[in-house]
Amino acid sequence: MKQRLLKMLLVFPLLALAACAGTASQAPRATAPPDTTLRKPPAAVAPAPMPAEDVAKYRAVFPGPKPGPTTTAALPKTTVTPTNQVNTPVEQRLRDQAYTNQNVKYAQGYRILVYLGLERDQVMAVRRNIIGRYPDETDYITFKSPVYRLYIGDYLTKLDAARGLARLRGLTPKLELEATQVLLNKNP
C-alpha cells in the first residue's frame with residue numbers, strides 16, 4: 001500500500017513537470033553570427049535559361065514603315081491672315097470689365113511694420129529717416145491709444161514686400177510683413 005501511494009505521489013509531479021516542459025519556450029539555438037564581410041559581385045551574370053521550345057513562331061510580326069518618296073517636294077507656303085474673332089457682345093463685356101477695374105482702389109497685399117511703440121517723437125524720427133533715404137515709399141502712421149504704428153509701402157506680392165523688407169533692414173531693429181489691403185492707384 002505504501003508503495004502504491006509512493007508511486008502515485010511521484011507520478012503527479014512527473015506529469016506536472018512534463019506538462020511544464022512541453023509549454024516552456026525553447027532556448028535559443030546557437031547560430032553563427034551573420035557574415036558582414038563585403039563580397040565582390042560575380043564577374044558575369046549567367047543569362048536566363050532559354051525555354052525548351054522555340055517560341056519565335058508565336059511572336060507578332062509587324063510590317064516596317066512604307067518607304068516615302070525619295071525627293072522631298074517643298075510645299076507652297078501660304079499665309080493666313082487673322083480675322084477678327086471678337087464679336088460685339090464679347091467686346092462690350094470687355095469694355096464693361098475694364099471700366100469696373102478702373103474703379104477698384106484697394107487690393108489684398110502687404111505692408112511693412114517698421115515701428116510699434118508708445119513714443120510719438122521716436123515714430124516721427126524713424127519716419128523721417130526712412131523717407132529721407134527712400135522718398136518714393138508711402139508711409140502710414142496709425143495711432144490706437146497709446147500705441148503708434150508705422151507702416152511702409154503698398155506691395156501687391158509677397159516677393160515685392162520681401163525685397164522692400166531687405167532694403168529697409170538695418171534702419172530699424174524690428175521689421176515685420178503684414179497682410180492688409182493696399183492702395184492700388186497712388187495718383188488720383
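Among contacts in the protein between residues at least 6 apart in sequence, 71% join residues at least 24 apart; contact here means heavy atoms within 4.5 Å. You're looking at a predicted model, where local features need pLDDT of at least 70, side-chain atom pairs count only at pLDDT 80 or more, and totals for chains, interfaces and linings use all residues. Residues are numbered from 1 along each chain as its sequence is written, and side-chain values use heavy atoms, with hydrogens and water left out.

**Stop 1: the whole chain**

Switch to cartoon view. The protein has 4 helices and 4 strands, and from the N terminus on they run α-α-β-α-β-β-α-β. Helices (H or I, at least four residues) and strands (E, at least two) are DSSP runs, numbered from the N terminus. Now colour by accessibility: buried residues make up 14% of the 188 residues. Buried means under 20% relative accessible area, exposed over 50%, and partly exposed in between, with a 1.4 Å probe and protein chains only.

**Stop 2: strand 1 and its partners**

Select residues 106-117, which are strand 1. Which way does strand 4 run relative to strand 1? The two are antiparallel, joined by 8 bridges, and strand 4 covers residues 176-183. Strands count as paired if DSSP finds at least two bridges between them. For a landmark, find tyrosine 110, which stands opposite alanine 179 in strand 4.

Strand 3 is also joined to strand 1, by 6 bridges and again antiparallel. Here, pick leucine 113: its bridge partner in strand 3 is tyrosine 151. As you look along a strand, keep in mind that in a regular strand the side chains alternate between the two faces of the sheet.

**Stop 3: arginine 111**

A charge sits over a ring if NZ of Lys or CZ of Arg is within 6 Å of the ring centre and within 35 degrees of the ring normal. For another example, jump to arginine 167, which lies over the face of tyrosine 134 at 5.0 Å from the ring centre. Back at arginine 111, its contacts beyond four places in sequence include Tyr151, Gly153, Glu176 and Glu178.

**Stop 4: the nonpolar core**

Select Ile112, Val114, Ile130, Leu150 and Leu168: of the 16 residues in the largest nonpolar core, these touch the most other members. Strand 1, helix 3 (120-133), strand 3 (147-155) and helix 4 (158-168) each give two or more residues to this core. The largest share, 4 residues, comes from strand 3. A nonpolar core is a set of buried Ala, Val, Leu, Ile, Met, Phe, Trp, Tyr and Cys residues joined through side-chain atoms within 4.5 Å.

Zoom in on isoleucine 112. Leaving aside neighbours within four places in sequence, isoleucine 112 is in contact with residues including Leu150, Ala161, Leu168 and Leu177.

**Stop 5: the aromatic pair**

How many aromatic pairs does a search of the whole structure find? There is 1, and phenylalanine 143 and tyrosine 148 form it: tilted, 4.5 Å centre to centre, with 40 degrees between the planes. Rings of Phe, Tyr and Trp (its six-membered ring) pair if their centres lie within 6.5 Å; planes under 30 degrees apart count as stacked, over 60 as edge-to-face and the rest as tilted. Phenylalanine 143 is partly exposed, at 46% relative accessibility, while tyrosine 148 is buried, at 14%.

**Stop 6**

Threonine 142 lies in strand 2 (residues 139-144) and touches Val147, Tyr148, Arg149 and Tyr151, not counting residues up to four places away. Move on to proline 146, in the loop between strand 2 and strand 3. The peptide bond from serine 145 to proline 146 is cis, with omega near 0 degrees; most peptide bonds are trans.

Finish at threonine 157, in the loop between strand 3 and helix 4. Its side chain makes a polar contact of 3.1 Å with the side chain of aspartate 160.

Methods: A polar contact is a pair of N or O atoms within 3.5 Å; within protein, one must be able to donate a hydrogen and the other to accept it, and residues adjacent in sequence count only if both atoms are side-chain atoms.
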